[in-house]
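Subject: Structure handover

Hello,

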Amino acid sequence: MLRPSVAHAAFDPEQFAELRAALLRGALSPERTRLSHAPERLTPEAMTAVAGLDAATRARLTARGEAAIRGREVAALVLNGGMATRFGGAVKGVVPVLAGPGAPSFLAVKLAGLRGVPVVLMHSFATAAASAEHLAAIDWSGVPHGDRLVFEQSLLPRMLADGTPLPALPEAESWGDTLVYAAPGHGDTLRRLRDSGTLASLRARGVRHLLVSNVDNLGATLDPLLLGAHLEAHERGNSLSVEVVLRSPDDAGGCVAGVGGRPQIIEGFRLPAGVAIEHYPHFNTNTLWVALDALTEAHPLTWFAVRKAIDLPEGGAREVLQFEQLIGQLSEFVATTCLLVDRARFLPIKSREELRAAAPQIAGLARAAGLAAAAAG
């Protein structure tokens, strides 16, 4: 099932067979993955509105966060996986984020904003090689060698709607790996963090908490105030702190809402039929602060069959299915709270147009992280 070019990747053939069988018997249909009841809007008690904190509280939380950073109790995990389908097929992490010669990349700015704690990079089979070459060229943007950790997502074959795996198609022999296989969503992070030994390595270093964020959200830096808020929430029994912003009309993604009196991250396609995501004002930034103890156990995340159209090398397109999990579903299994943050901390870049529009903010972040090339922005 795996070509020699991806034989190194983590692949569970028994799991794939089970997922394929579930798909064919209709167990993974979209209707089966929807919530049975509409969730509630978040209440003020379910979150900390960071902008509304008084000076004394901000000072206390910042001091707690700074102490945890000095004590090496926190690490950062950057989600650098996926299929490298945006930005003209380039691996996003290596793309320059500003104009001019020597302009820093997504990875350069991201890593520079995380220096001071162990940094874990999660690649996929589609991003690993280009990222490794670029990281060597930029020397991990100054992250010390002892603070560098890497693991790779697993992969699964894509399939046709009738259940035929793409590697079994004669015509697919000439297709590239990134057409035939897919990374199974960022929910795979939790399993691979354990199975790769990275979680055990972090625990051995004394790390107790993890900041998780996307490589393309350059605003999600190591903020001691937010870390302090997470630490105090953890003392109140919450293992997961989700950064949320107020939804804007251009936001595309899931919400955070109440289910059974608890905050949960919910993707729009999981809402009951007829329930609009616009009803829920709190948008999930996919930036998470999580206690490592909550990641030791394997949580039964839902598998989703996602339809994609792939562009064929001989021309035309073909609809395929791939299996994915969502990291935000962790909020269904562990006690969760929310941190309502300013949108300046949420700077996701999904297209080159968004990249150009965000250039002033990115230049400021790069300069704040000490990247001299930021002057070109």
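Phe346 is buried, because its relative accessibility is 9% (buried is under 20% relative accessible area, exposed over 50%, partly exposed in between; 1.4 Å probe, protein chains only). This is a predicted model: local features need pLDDT of at least 70, side-chain atom pairs count only at pLDDT 80 or more, and totals for chains, interfaces and linings use all residues. Residues are numbered from 1 along each chain as its sequence is written, and side-chain values use heavy atoms, with hydrogens and water left out.

Searching the whole structure gives four aromatic pairs (ring centres of Phe, Tyr or Trp, its six-membered ring, within 6.5 Å; planes under 30 degrees apart are stacked, over 60 edge-to-face, the rest tilted). Phe11 and Phe16 are one of them: their centres are 6.3 Å apart and their planes at 55°, so the pair is tilted. Phe16 is buried, at 3%. Phe11, Phe16 and Phe323 make up one aromatic cluster.

Phe283 pairs with Phe346, also tilted, at 5.7 Å between centres and 50° between planes. This pair links distant parts of the chain, 63 residues apart: Phe283 sits in strand β11 (residues 282-291), Phe346 in the loop between β14 (336-340) and α10 (352-357). Strands (E, at least two residues) and helices (H or I, at least four) are DSSP runs, numbered from the N terminus. Phe283 is buried too, at 4% relative accessibility.

Best wishes
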